[in-house]
Amino acid sequence: MHDMAAQTVNFIDLNILSISFLFVVGFIGGLVSGFIGSGGAFVLTPGMMSLGVPGTVAVASNMCHKFPKAMVGAYKRFKYGQVDIKLGLVMAVSAGGGVWMGINIQEWILAKWGQAGSNLYVSLSFVVILVVVGGYVFYDAWKTAKSGGEEKVCALAKWLQSINLPPMMHFKTANVRISMWFTIPIGFATGMLAATIAVGGFIGVPGMIYVLGVSGLVASASELVIAFVMGFGGTIKWAMHGMVDIRLTLIILAGSLLGVQLGAIGTTYVKEHMIKVVMGTIMIIVAVSRGLAVPQYLKELGFISLSSSTESFLSAASFIIMCIALAIGAIIILGSMWKAKRAETAKKAEMVLEKTYV
Amino acid sequence: MGSSEANKTTALRAVAGRWLRKVTAMMTLRKKQADKQAAETKASRPSFSGAEAGDGGPAGRDRPPEVKRKILVVGKGPVFTTGVMDYAASLAERLGYDILAMNLNPALDQAVKFFSPYNQRLRAKFAQQARRAWETTEPALTSQGIRCEHVVKFEDVARAVKALNHEIKRIDFVITDAGIADEEITGEIPLPVFSITGYQGDQKVMAREPEAGRKKLMGRTIALGLGAAALYAAVFLNSDLVMKYFTKGGIYAALPVATVFIFSFVHGAFASNLWSLLGIEATKKVQPQVSVSRPTPRKRPRLQLRIDT
């Protein structure tokens, strides 16, 4: 395993531009993941690769920044009483199985159809899962917002909670009692998605909300626990192969630790369905971005023909849209935080007026 | 706040009012400082009429200091709820009483906890917080002409009230803030006690962040920022050496993992302090509860032995 690093890896030289890019994306990624439990990785990995970082190093360095970020975010949100540690750990165990399965599927596809096939598989999973799940999350957020911001447990979760299939587990913070068997597929899918597209939370959080019946706030907070466990395991694996570029990791971490705390604080300001709004929006835009990448892989596999200018246009558009997804998420978070803060200040001023005992 | 709680408060005020009228009358008669006629008028007049608040109050407060009677307001923790303070203020104004406010923290009782410098530090911190909070409440009271004093004690409710009743004379009755349970008000208290349990105000009287605390926060943020900067400098100035060992793989994997942990502790703490310093802090402790109607466990049919006859 020592020789692997020597063979494949050439670590890049850093300049001001690349450092600022990593710092800013780290900050915004941190902000989003502090708020919705995951995110940022889908821009950071391709972003690093566009700076000339080899794919494996990009994945490894990203993972190495992910787990301390998740740890800090989880700690912060634990202090606000939003984290269900037991739920996070139970999910993380089955997510481990999912990661293993996801890697195996990837390797099988890689062996059968080569790199383009693997990329196509990744992009298609992105598009299908993000459109379906993200669309539903967005629809639900819209429905909640329309009905006055009151979150309700969906019928599926209610039905599953009523099934008494031992061992039953009670998650205190989440206030949910459900059979362990229903948590396993969610955790497994989270792990599989994490191994495929690096953002397991896109299925973990909606899974916890709509299948287990956990509130959006607790689901996104507990996702940070899952991210920590998976990121920690993944980092050890990659670091043992010498793939972690600690410089990249530390620069991203400098931004993301600031962002993740701001995102966590943000959850205490805004209405609960805002988490779903941000998540749904980001997922749909990312799906569009990945959808634009699909023709390129289809061409590589020989299914369609594409001019090189179209191809480069599509890939540039795909990356830019991805950055836009993250930026829009950050803008929604900061905007709603600012609005909530302003409303609170106004209320306080009103109270001071009332308190003059006239 | 529901209307039932508002009713509760109204009922409570009525009871307290009736009792107070009696006490006021008795005290005034005994002192014989005011003439009998005036005393009778005061006793017979409902003290809670709005008209009296304006004219009767200041007159009562012109009495010499030794006859000043006091309402003792007891609260657990460094702040009082707006509900109890509003109530005490309106009572004091109408009756011409002083307010004696006492913040308690029985958890720091030295008789219970072993004496330690840490306990002392916690006490000092609590006292400081309570004083800061009181500083925000006091001006509103003094502007109404109510004289008030503030005490901080570290005993349980009964002992603290008893001790205070010895130290400071003329405490007529006690109003306890929300957060003090009925069980804590034992027979040891030699005074009548009223408890505010219903409406407690929209929010606690906010303690302004102590100036000293802010300075300390600033100091801590700067120290952590320098620490984080030093760590970054250490890695990036020796990046060749760092990259050589950190990418060796195998057991050297511990190096990057340990590094990110150290960085996340220092830089994470710095980031947290920085946001606090900038005034961006969590507004409410959120404990979301999504209510689900739980299915009642079904009773299993049990086998029963029956003999058909």
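Q: In what order do the elements of chain B run from the N terminus on?
A: The order is α-α-α-β-α-β-α-β-α-β-β-α-α-α. The count is nine helices and five strands. Both kinds of element are DSSP runs, numbered from the N terminus: helices are H or I with at least four residues, strands are E with at least two. The model is predicted, so local features need pLDDT of at least 70 and side-chain atom pairs count only at pLDDT 80 or more, whereas totals for chains, interfaces and linings use all residues. Residues are numbered from 1 along each chain as its sequence is written, while chains are lettered from A and ligands numbered from 1 in the order in which they are written.

Q: What pattern does chain A follow along the sequence?
A: Chain A reads α-α-α-α-α-α-β-β-α-α-α-α-α-α. That gives twelve helices and two strands.

Q: What makes Gly268(B) count as buried?
A: A buried residue has 20 or more other C-beta atoms within 10 Å of its own; 12 or fewer means exposed, in between means partly exposed, and C-beta atoms are placed from the backbone. Gly268(B) has 24 such neighbours inside 10 Å, so it is buried. It sits in helix H9 (residues 254-277) of chain B.

Q: Which residues is Gly268(B) in contact with, leaving aside its neighbours within four places in sequence?
A: They are Val72(A) and Leu257(A). Contact means that the C-beta atoms, placed from the backbone, lie within 7 Å. Within chain B, the C-alpha atom of Gly268(B) is 9.9 Å from that of Gly225(B), 43 residues away along the chain.

Q: What share of the residues in chain A is buried?
A: The share is 53% of 358 residues. In chain B, 28% of the 309 residues are buried.

Q: Of contacts in chain A between residues at least 6 apart in sequence, how many join residues at least 24 apart?
A: In chain A, 82% do. The corresponding value for chain B is 75%.

Q: Why is H8(A) called oblique to H9(A)?
A: Two packed helices are described by the angle between their axes and the distance between the axes. Axes are lines fitted to C-alpha atoms, for helices over the stretch in contact, and angles run from 0 to 180 degrees between N-to-C directions. Helix H8 (residues 201-212) of chain A packs on helix H9 (residues 216-240) of chain A at about 140°, with axes 9 Å apart. Roughly parallel needs under 35 degrees, roughly antiparallel over 145, roughly perpendicular 65 to 115; the rest is oblique. The pair is therefore oblique.

Q: Which residues make the contact of H8(A) and H9(A)?
A: H8(A) supplies Gly201(A), Gly204(A), Val205(A), Met208(A) and Ile209(A). H9(A) supplies Gly216(A), Ala219(A), Ser220(A), Ser222(A), Glu223(A), Ile226(A) and Ala227(A). The classes come to six nonpolar, five polar and one charged. Here Ala, Val, Leu, Ile, Met, Phe, Trp, Tyr, Cys and Pro are nonpolar, Asp, Glu, Lys and Arg are charged, and the others, Gly among them, are polar.

Q: How do you know that H8(A) is mostly covered?
A: Eleven of its twelve residues are buried. Among them are Phe202(A), Pro206(A), Tyr210(A) and Leu212(A). Just after H8(A), Gly213(A) has a positive phi of about 85°.

Q: What makes H2(A) roughly antiparallel to H3(A)?
A: Helix H2 (residues 16-36) and helix H3 (residues 41-50), both of chain A, pack at about 170°, with axes 9 Å apart. The angle passes the antiparallel cut-off, so H2(A) is roughly antiparallel to H3(A). Phe21(A), Val25(A) and Gly29(A) of H2(A) meet Val43(A), Leu44(A) and Gly47(A) of H3(A). This contact has four nonpolar, two polar and no charged residues.

Q: How many of the ten residues of H3(A) are buried?
A: Eight are. Phe42(A), Thr45(A) and Met48(A) are among them. Gly52(A) follows H3(A), with a positive phi near 105°.

Q: Why are H5(A) and H11(A) called roughly antiparallel?
A: Helix H5 (residues 85-146) of chain A packs on H11(A) at about 155°, with axes 7 Å apart. The pair therefore counts as roughly antiparallel. The crossing is left-handed: the near helix is turned anticlockwise from the far one by less than a right angle, whereas clockwise would be right-handed. The contact holds 22 nonpolar, nine polar and four charged residues.

Q: What span does H11(A) reach from its first C-alpha to its last?
A: Helix H11 (residues 273-300) of chain A has 28 residues and reaches 41 Å. The expected span is 1.5 Å times one less than the number of residues. Gly302(A) follows H11(A), with a positive phi near 85°.

Notes
Contact = placed C-beta atoms within 7 Å.
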